[in-house]
Number of protein chains: 2
Amino acid sequence: MIKLHQKSYIAGEWVTPDGTEFLSINPATREVLETYHSCGSLETNAAMAAAQAAFAEYRQCDKDQIADFLNTVADEIEALGDQLLETADAETGLGLVRLTGERGRTCGQIRAFAAIVAEGHWVQASIDTAQPDRTPLPKPDLRRMMIPVGPVVVFGASNFPFAFGSVGGDTASALAAGNPVVVKGHPSHPLTNELFVHAMDRAINHRGMPSGLFSLLQGSTNELGGDLVRHDQTRAVGFTGSLGGGRALMDIAAARPRPIPVYAEMGSINPVFIAEDAMATRGDEIAAGLVASVTMGTGQFCTSPGVVVTTPNEGFNQWVARGLSEAPRGLLLNEKIGEELRSSLRAVAGRDDVEWLNPVEESVEDTLAPPNCALRTSAAAFVADPALQQEIFGPVTLIVECDDTVEMKRVAGALDGNLTATVHATAQDADQAAALIEHLDEAVGRVIYNGFPTGVEVCPSQQHGGPYPASSASATTSVGADAMVRFARFVAYQDLPDALLPPALQNANPYGLLRRVNGIYSDASI
Amino acid sequence: MIKLHQKSYIAGEWVTPDGTEFLSINPATREVLETYHSCGSLETNAAMAAAQAAFAEYRQCDKDQIADFLNTVADEIEALGDQLLETADAETGLGLVRLTGERGRTCGQIRAFAAIVAEGHWVQASIDTAQPDRTPLPKPDLRRMMIPVGPVVVFGASNFPFAFGSVGGDTASALAAGNPVVVKGHPSHPLTNELFVHAMDRAINHRGMPSGLFSLLQGSTNELGGDLVRHDQTRAVGFTGSLGGGRALMDIAAARPRPIPVYAEMGSINPVFIAEDAMATRGDEIAAGLVASVTMGTGQFCTSPGVVVTTPNEGFNQWVARGLSEAPRGLLLNEKIGEELRSSLRAVAGRDDVEWLNPVEESVEDTLAPPNCALRTSAAAFVADPALQQEIFGPVTLIVECDDTVEMKRVAGALDGNLTATVHATAQDADQAAALIEHLDEAVGRVIYNGFPTGVEVCPSQQHGGPYPASSASATTSVGADAMVRFARFVAYQDLPDALLPPALQNANPYGLLRRVNGIYSDASI
């Protein structure tokens, strides 16, 4: 068992900041587990300076050293064993089954990045060879690839304490692309953060990496986050969380003397459209799948289906309402999320144009085990009021009833940016499905057919991101191989002698990369 | 000869706005050629609404239709014949030789985008096929590609009236990626802008494209630019111009309810480093090349070498000073640029730590034919004062003298973001060159060896962009094939029936694309 000391970690050193106190709380028992203190500008400056110093050294590592290091990070996370699962369960209430699966996914993603780094294609090497005798002007030799951007600040998420936590996808993709990382650990699970530091510390020491490659600042204050984003050495930011939090960081980054990109994955209502024949022939199945998707992780997935768009069908509504009422109540991650959910539900319940399909008897106050809620509204109300497109973070779904397929298309056209949109359809619905998809892919990052949005497959073709407010940078993804390119940029080298070029661009092609050579993809040497 | 009417153009209609008056002026004669009026919010709203309407229709075009359209645009620009060259020369003073070359480059780039569209690989299709029997969970079918973002606003540049003008690289790359474009024509050459509209109008009509695909708003006011960037339908912005102008647009875009990306290519001082043996063995050649590069286009290239970093060499300084004094004076594009250059030179001339190596007898006031200037300062002064890293737009270069190679490395490490950095070195300088390049690629988009930064080759391996303030988005390029991806974003399709997928992702691979299929690149069908 690793003994935890309620500390932060800066470049290999454990530190005890003296900022604002905050608590690790067990959401199931409301028991206070430990007391932590927030880092401040002193710790921010130390961590960023160490990251900048480590960057020069880390750039000297070859791709296999970085891949080995990432694999060691995954090994060391697994070596934390049950202590990691039990600690995270105590702080998040997510349960050992879910957390075991999430640990597997997290280590799998870290090892997938290691494999991508070892393979090397991700730098998108492109070579145009010289034509010295071209007229009127000779053509120079130009070679282009991606290089790392420099120190990256990552904000851990509360809802995925492993996959998007202190050493989750953002941290791993930034490290894989060749950058040092400074993490602001999520204050909802500081003990879990501290355990991840132990794994990173061991991996860094074992692989002889520079100590400034990783720091983790514990803290509950907005000031700490702002300091990290404002710091002159910070080159990019990764964030998973609320729209309010993400937008605040975007605004700070945009106002810097030198603006930097913030890759924020934020709110989403993930609309599910049900076409006519699909509803008629398997509305019951869809209702059952929807209930399972809405209640998964107590509705605290960024891909939770918060809206269902369909023509009215009382049977379907009742299946959904009954299914949600009968589903066991889950646990919310923390008090703040509980307060926000109660406030959202009170606001919706007070509306004339929204009906609560499965009202609960007891008060919804003061519990972290909220009711699973089904709501209903009209397409007209939904299209008219952007407030109905605001995410309610929790096990809640709103059925938007449309007069006909034309109105369903209108709803599709009125959607704000989302991570996903889903269409349920049969072969008979093909025309309606095509018309919907045409609108939907303009509003989302992923279109799903006859499925549900929860469950984000980690693979090269995944896209996890979408137009604002789903994310801050809709061209990028926070899941899958391309998550790395968020933390890299292109550089071209003109007429450099072969020995001065990075290996990925040298004539001999020592890494055996697939390169675009004079416009044609090839893994040959030149 | 096309008769020009001092108009703007919205979705196929010529309009005469009634906003602020501005003049087309011949910089060589100071003669007023024509009077124009600025568009305002009325025209902005009309153009953006038409663009949004055209987007749906344009998305129905297949890749060959878009490629044909782009080729027709290039044909129609060439069909404007000498009138385009003469009009642009009258408004810019750039000369017929340069403008003829720039027209060739512009049409070449448009046709290159057409070829990329016709080929189709640029959408980066990636397919991961389903594994229905995978445990514990089946793997869905995921397919990902780039799709257009929607209406793009382009700000034409003054210094490249063709290549980055109304129908230059930004407009062409946005159209090629599948987006409608609304251009704010640069007020320094409104007649040239109007001629380009004629070419676009003919191409749109000839190819039966939706009329809202292209609009051009003439105007001289900041309000017009702000309105266009703020407009709710605008999805992305392309800009080439000053740091002040670009940053203002970045700030407006970041403050929108829904922030959008601004791809701004802004200021750069393009430092040229000369290593010891290179200076000793061919300082005279380097001086001659530098003089040619500094005076090219009267120093009004974004890649003009504004700074030279070297150990002191009086001979070199004298070659540069004499060469610049003897080089014919060029013409500045407009009065605003003239004022800014005079103001910058006065500020520099008043500094104790900057010496003017070729002072001019006559006053530099009130001329659009400025002297070609060589300045000298110390590395200590340069590193200490960021003001010396501000771009002086015009034929000026500042020689930064370093005590030794260590101090040259220190200057490299202190550089702000730049489009390019250049190293002159011999085989004997290999170690010094390697040490410099290590620092330089962190600050720039392109590293040049034994060449000069002016002259941006248009090819897939080109990178034209760099860390702020050189550009707003250092991962992207405004020249070369990848300029298109600025105006596109990824969408994943999960478990869609083949018929509902875009052709690029269908099993049969009807476009014959190179696709990443289960992680392996292949042009086969599935």
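Predicted model: local features only at pLDDT ≥ 70, side-chain atom pairs only at ≥ 80, totals over all residues.
**Figure 1. The contact between chain A and chain B.** Chain A gives 52 residues to the contact, and chain B gives 52 residues. On the chain A side, six elements each supply at least two residues: strands S5 (126–128), S6 (142–148), S18 (444–449) and S19 (488–494), plus helices H8 (243–254) and H14 (430–440). S19(A) provides the largest share of that side, 6 residues. By class, the side of chain A that touches chain B holds 27 nonpolar, 12 polar and 13 charged residues.

**Figure 2. The fold of chain A as a whole.** Chain A has 14 helices and 21 strands. Its C-alpha trace spans about 75 × 60 × 40 Å along the principal axes. A compact globule of 526 residues would have a radius of gyration near 24 Å; chain A has 25 Å, which agrees. Buried residues make up 58% of the 526 residues in chain A. Counting contacts in chain A with a separation of 6 or more, 74% join residues 24 or more positions apart.

**Figure 3. Helices H2 and H4 of chain A.** Two packed helices are described by the angle between their axes and the distance between the axes. Here the axes of H2(A) (residues 63–79) and H4(A) (residues 96–119) come within 8 Å and cross at roughly 170 degrees. Angles over 145 degrees count as roughly antiparallel, and that makes H2(A) roughly antiparallel to H4(A). From H2(A), the contact draws on Lys63(A), Asp64(A), Ile66(A), Ala67(A), Leu70(A), Asn71(A), Val73(A), Ala74(A), Ile77(A) and Glu78(A). From H4(A) come Arg103(A), Thr106(A), Cys107(A), Ile110(A), Arg111(A), Phe113(A), Ala114(A), Val117(A) and Ala118(A). Sorted by class, the residues of this contact are 12 nonpolar, 2 polar and 5 charged.

**Figure 4. Helices H2 and H4 of chain B.** The axes of H2(B) (residues 63–79) and H4(B) (residues 96–119) come within 8 Å and cross at roughly 170 degrees. H2(B) and H4(B) are therefore roughly antiparallel to each other. On the H2(B) side, the contact residues include Leu70(B), Val73(B), Ala74(B) and Ile77(B). Among their partners in H4(B) are Ile110(B), Phe113(B), Ala114(B) and Val117(B). By class, the contact of H2(B) with H4(B) has 12 nonpolar, 2 polar and 4 charged residues.

**Figure 5. The surroundings of Ala443(B).** Ala443(B) sits in the loop between helix H14 (430–440) and strand S18 (444–449) of chain B. A residue with 20 or more other C-beta atoms within 10 Å counts as buried. Ala443(B) has 21, so Ala443(B) is buried. Leaving out residues up to four places away in sequence, Ala443(B) touches Leu415(B), Gly417(B), Asn418(B), Ala421(B) and Pro467(B). Gly466(B) is 23 residues from Ala443(B) in sequence; C-alpha to C-alpha, the two are 7.2 Å apart in space.

Note on methods. Residues numbered from 1 in each chain as written. Chains lettered and ligands numbered in written order. Axes fitted to C-alpha atoms, helices over the stretch in contact; angles between N-to-C directions. Helix = DSSP H or I, 4+ residues; strand = E, 2+ residues; numbered from the N terminus. Parallel < 35°, antiparallel > 145°, perpendicular 65-115°, else oblique. Contact = placed C-beta atoms within 7 Å. Nonpolar A, V, L, I, M, F, W, Y, C, P; charged D, E, K, R; others polar. Rg over C-alpha atoms; globule rule 2.2 N^0.38 Å. Buried ≥ 20, exposed ≤ 12 C-beta atoms within 10 Å, placed from the backbone.
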